[in-house]
Amino acid sequence: MKYNGEITKLNIGDNNTIREYVTINPGTAQGGGVTKIGNKNLLMIGAHIAHDCIIEDNCIIVNGVQIAGHSIISEFAIIGGGTLIHQFTRIGCHSMISGGSIVRKDVPPYCKAGKEPLAYKGVNSIGLKRRNFTQDQINQIQNMYRILYLEGKNISQALKKISEEITKTNEREILV
């Protein structure tokens, strides 16, 4: 509906596996004109990636996943089969979304999420271990999520506490 004949692009990186019946729309001028697929992704049967999406590196998009326009899927995210992702949604790095979920809001990095309504189900510790995160790194991520979700603080208060009390690491900077 947005396309008016302007030049648009679809950039697909290296070493991707794109299976049967996957559809990927090029960008629109209103969205910057580019849909980007990074490197080493697995896009399984029947997945759809709409216009102006960004799929970073090493993601797994399982059968029948539908990703609406302007969404960002960060590195090492796994999206379970049949999941629907609303437009302008961001899926954090190293996260995992269970199959059949409806994603209407952003999913933070390093966590598991799923179902309808979407709920966060803890840290994706198994996925992090598989990607060689140390137990100390995983513990730090779990501590940050305890502050964010279990201490009854609003987001501003929780982020302030994390910044003050949690050692500065790459994981902390990504989460904050």
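**Sheet, core and salt bridges in a predicted model**

Seven strands make up an open sheet of mixed pairing, in the order 2-5-8-11-14-16-17. The edges are taken by strand 2 (17-18) and strand 17 (119-123). Each of these two has a single partner strand, so one of its sides is left without a neighbour in the sheet. The structure is a predicted model.

Within this sheet, strand 8 (residues 60-61) pairs with strand 11 (residues 78-79). The two run in the parallel sense and are joined over two bridges. Across this pairing, I61 stands opposite I79 of strand 11. Strand 5 (residues 42-43) holds L42. L42 counts as partly exposed, because its relative accessibility is 27%. Leaving out residues up to four places away in sequence, L42 touches T17, R19, C59, I60 and I61. The C-alpha atoms of L42 and I78 are separated by 9.6 Å, although the two residues lie 36 residues apart along the chain.

Further parallel pairings involve strands 1, 4 and 7. Strand 1 (residues 9-12) pairs with strand 4 (residues 34-37) over four bridges, in the parallel sense. Here L10 stands opposite T35 in strand 4. Strand 4 is also joined to strand 7 (residues 54-55) by two bridges, and these strands run parallel as well. In this second pairing, I37 stands opposite I55 of strand 7.

A nonpolar patch lies on the surface. It is formed by L10, I12 and I18, which together have about 220 Å² of accessible area. With a relative accessibility of 38%, I18 counts as partly exposed. L10, another member of the patch, is the residue that stands opposite T35 in strand 4.

The largest nonpolar core has 38 residues. Among these, I61, I67, I73 and I91 touch the most other members. Strand 16 (111-114), helix 2 (135-149) and helix 3 (155-165) each supply at least two residues of this core. Helix 2 gives the largest share, six residues. The contacts of I73 reach several parts of the chain. Apart from neighbours within four places in sequence, I73 is in contact with I54, I55, E56, C59, I61, I67, I79, I85 and I91.

Some backbone features stand out. Most residues other than glycine have a negative phi, and most peptide bonds are trans. H70 has a positive phi, near 65°. H70 sits in the loop between strand 9 (66-67) and strand 10 (72-73). H70 is buried, with a relative accessible area of 16%. Y110 also has a positive phi, near 70°. Y110 is placed in the loop between strand 15 (102-103) and strand 16. Its relative accessibility is 1%, so Y110 counts as buried. The peptide bond joining E116 and P117 is cis, with omega at about 0°. P117 lies in the loop between strand 16 and strand 17.

Six salt bridges are counted. In one of them, E116 is linked to R104, with the closest N and O atoms 2.8 Å apart. E116 lies in the loop between strand 16 and strand 17, and R104 in the loop between strand 15 and strand 16, so the pair ties together parts that are 12 residues apart in sequence. E116 is partly exposed, at 42% relative accessibility. R104 is exposed, with a relative accessible area of 54%. E116 is therefore a partner in this salt bridge and also takes part in the cis peptide bond with P117.

Other salt bridges centre on E151. E151 pairs with K153, the closest N and O atoms being 3.7 Å apart. E151 is partly exposed, with a relative accessible area of 37%. K153 is partly exposed too, with a relative accessible area of 30%. The side chain of E151 also meets that of K161 in a salt bridge (2.8 Å, N to O). K161 lies in helix 3 and E151 in the loop between helix 2 and helix 3, so this pair ties together parts that are 10 residues apart in sequence. Through shared partners, the salt bridges join E151, K153 and K161 into one network.

Technical notes: Residues numbered from 1 in each chain as written. Predicted model: local features only at pLDDT ≥ 70, side-chain atom pairs only at ≥ 80, totals over all residues. Heavy atoms only, no water. Pairing = 2+ DSSP bridges. Patch = residues over 30% accessible without salt bridge, like charges linked within 9 Å, V, L, I, M, F, W, Y side chains within 5 Å. Areas by Shrake-Rupley, 256 points an atom, 1.4 Å probe, with all protein chains shown as cover. Salt bridge = Lys/Arg side-chain N within 4 Å of Asp/Glu carboxyl O. Buried < 20%, exposed > 50% of the residue type's maximum accessible area, 1.4 Å probe, protein only. Core = buried A, V, L, I, M, F, W, Y, C linked by side-chain atoms within 4.5 Å. Contact = heavy atoms within 4.5 Å.
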